[in-house]
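This briefing goes through a single protein chain by topic. It starts with the surface and ends with the confidence of the model.

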Amino acid sequence: MSFIGGLLARAAAHRRRIVFPESADPRVLAAARTLAAERIVEPVLVLDPSNPESHAAVRALGLETVDPVSDPRRVAIASALERGRKRKGITAAEADQLSATPLYFADGLVEAGEVDGCVAGAVHTTAEVLRAALRLVGPAAGVETVSSAFYMVVPPFRGADEEVLTFSDCAVVIDPSAEQLADIAIAAAADRRRIVGDEPRVALLSFSTRGSGSGAGVRLIREAVTLVQQRAPGLQVDGELQGDAALIPAVAERKAAGSLVAGQANVLIFPSLDAGNIAYKLVQRLARASAIGPIIQGLARPCSDLSRGAVSDDIMHVAAVTALQVEPSPFVQSRMPPREKES
């Protein structure tokens, strides 16, 4: 079975309730119709008060539909917004206004446990999706950095079958510190186990492999690896590794002999957003890889992003990923108390 086929099948085994706040978009409606018909997830559609002419088409699907203006849960969502943002000056009126918007109402349902996750971004920007999720859902316990990953389905290069590589972070954290890289690595590994279902082998990438180079960037990667090892001692992680040493067994034997990760890595952590974003686009275009994402990782509950160029199949795939992100993390991330939610 292909990765996509397996992804949909494993999501269908859980039948999570996933909310879609962009119900006025026909791509979202098409995806919701198929997701429900194939019993992959249970879609919940939020009506758009700014687009009342779309309501009839949404209701015609016969799926669960909620109206953020009249739904009594809006009061609790507004209260949650006001509490979480009080120190930054949000007013009761502003909280009430936001709670009536589909995106904030949907994330409020996620925060309250009324639904399992949210999928948005076909209409909203990544910044808008993240801002709403951080205000209402916030980071997972002990996570200081919310980040993203792409799941790259690549042609065979280490055997006869296609492979799935996790690339992180490619969309959110511009210039990560060692602590942020550790957060990104642990979150990417945890989500990989949920989403792909295999054992994560995490490589923190650099222009250097095991001391072949030096400088501040190399020291940063080494510090991040140490933090990951302390916080997630059961995780297979190595670095600093060059890309070829991380991926190709013959190169790993020469450059990083004895490593459990080198030559076998399936989670690639990039030292900067520049590196990650450039790499995923090059692999997508030159290797004709399928890029699923960006998948938001590190939140207390899953709230996923879409490309605004997404087609209905893309929305289905991200909904399936979101359903699988609901599972508890298999890694101990930190002994720190949860950070207060903020935007």
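The protein chain exposes about 14300 Å², and carbon and sulfur atoms supply 52% of that area. Buried residues make up 53% of the 343 residues. The model is a predicted one.

**Overall dimensions and fold**
- The radius of gyration of the protein chain is 20 Å, which agrees with the value near 20 Å for a compact globule because the chain has 343 residues.
- Taken along the principal axes, the C-alpha atoms fill a box of roughly 65 × 45 × 30 Å.
- The protein chain holds 13 helices and 11 strands.
- Among contacts with a separation of 6 or more, 72% join residues 24 or more positions apart.

**Helix α1**
- Helix α1 covers residues 3-12, and its buried residues are F3, G6, L7, L8 and A11.
- An α-helix has 3.6 residues a turn, so residues three or four places apart point the same way.

**Aromatic pairs**
- Two aromatic pairs turn up in a search of the whole structure.
- One of them joins F150 and Y280: the ring centres are 3.8 Å apart and the planes lie at 15°, under the 30 degrees that count as stacked, so this pair is stacked.
- F150 belongs to strand β5 and Y280 to helix α12 (residues 273-286), so the pair ties together parts that are 130 residues apart in sequence.
- F150 has a relative accessible area of 5% and is therefore buried.
- Y280 also counts as buried, because its relative accessibility is 9%.

**Cysteines**
- The search for disulfides over the whole structure finds zero.
- C118 is in no disulfide, as the nearest cysteine sulfur, that of C303, is 5.3 Å away, whereas a disulfide needs the sulfur atoms within 2.5 Å.
- C118 counts as buried because its relative accessibility is 1%.
- C170 is buried as well, with a relative accessible area of 1%.

**Confidence**
- The pLDDT averages 91 over the protein chain, and 94% of the residues score at least 70.
- Residues 332-343 have a pLDDT below 50.

Terms used. Residues are numbered from 1 along each chain as its sequence is written. This is a predicted model: local features need pLDDT of at least 70, side-chain atom pairs count only at pLDDT 80 or more; totals for chains, interfaces and linings use all residues. Side-chain values use heavy atoms; hydrogens and water are left out. Buried means under 20% relative accessible area, exposed over 50%, partly exposed in between (1.4 Å probe, protein chains only). Helices (H or I, at least four residues) and strands (E, at least two) are DSSP runs, numbered from the N terminus. pLDDT is the predictor's confidence in each residue, from 0 to 100. Contact means heavy atoms within 4.5 Å. The radius of gyration is taken over C-alpha atoms; the globule rule is 2.2 Å times the number of residues to the power 0.38. Accessible areas come from the Shrake-Rupley method with a 1.4 Å probe; for residues, only the protein chains shown count as cover. Rings of Phe, Tyr and Trp (its six-membered ring) pair if their centres lie within 6.5 Å; planes under 30 degrees apart count as stacked, over 60 as edge-to-face and the rest as tilted.
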